[in-house]
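Q: Could you take me on a close look at one strand of this model, and at how its surroundings are put together? I would enjoy a connected account.

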Amino acid sequence: MSDKKKRELQVAALENGTAIDHIPPEQLFKVAQLIGLNTMNNRITFGNNLESKKMGRKGMIKIADKFFEEDEINRIALIAPNVVLNIIRDYEVVEKKCVSLPDELIDIVKCNNPKCITNNEPMKTYFHVIDKDSGTIKCRYCERKINKEDIIIK
């Protein structure tokens, strides 16, 4: 292996699974907790404060034999929008998904209004994303606006 290749290979290659790339370094462990890495039996590789031309520094999580569902991707988008999911099969990236907040969040976020019907009746929460850049959402039922830093994920 050339000296240049040795410098570039900072995280082990993955045969099949998902690499979550371009995670802001300060959000890496929040993302790990959010997707329940502590309960997985898959092989997991973490990298934090890796060099990035796009961000300066970044975090990365590689999970063997794990492919995310849409609701899991939406949870990641709440904490770290603009990450890139690389779907890997036979050591090749077969798909890249740029994660962004969807227009609606269904049963992912808890309304922080104690009088909201979703906190008093057994029903799914439903939020509209009103500002994707700032991460502001609004409850469909009580119309409470919640800023990104005040979001409580179920």
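A: Let's start with a pairing: strand S1 and strand S4, which covers residues 84-89, run antiparallel and are joined by five bridges. Within that pairing, Gly17 stands opposite Ile88 in S4. S1 also pairs with S3, again in the antiparallel sense and through five bridges. Here Thr18 is the residue facing Ile63 of S3.

Before going further, please keep in mind that this is a predicted model. The chain has a mean pLDDT of 89, with 92% of its residues at 70 or more. Residues 1-8 have a pLDDT below 50, and this stretch makes two contacts in the model beyond near neighbours in sequence. Where pLDDT is low, the predicted coordinates should not be read in detail.

Back to the strand: S1 is mostly covered, with seven of its seven residues buried.

Arg75 is buried yet has no salt bridge, and Asp71, the nearest side chain of opposite charge, is 4.5 Å away. Beyond residues up to four places away in sequence, Arg75 touches Leu34, Asp107, Ile108, Ile153 and Lys154.

Key:
Residues are numbered from 1 along each chain as its sequence is written. This is a predicted model: local features need pLDDT of at least 70, side-chain atom pairs count only at pLDDT 80 or more; totals for chains, interfaces and linings use all residues. Side-chain values use heavy atoms; hydrogens and water are left out. pLDDT is the predictor's confidence in each residue, from 0 to 100. Contact means heavy atoms within 4.5 Å. Buried means under 20% relative accessible area, exposed over 50%, partly exposed in between (1.4 Å probe, protein chains only). Lys and Arg count as positive and Asp and Glu as negative; His and the chain ends are not counted. A salt bridge is a side-chain nitrogen of Lys or Arg within 4 Å of a carboxyl oxygen of Asp or Glu. Helices (H or I, at least four residues) and strands (E, at least two) are DSSP runs, numbered from the N terminus. Two strands pair if DSSP finds at least two bridges between them.
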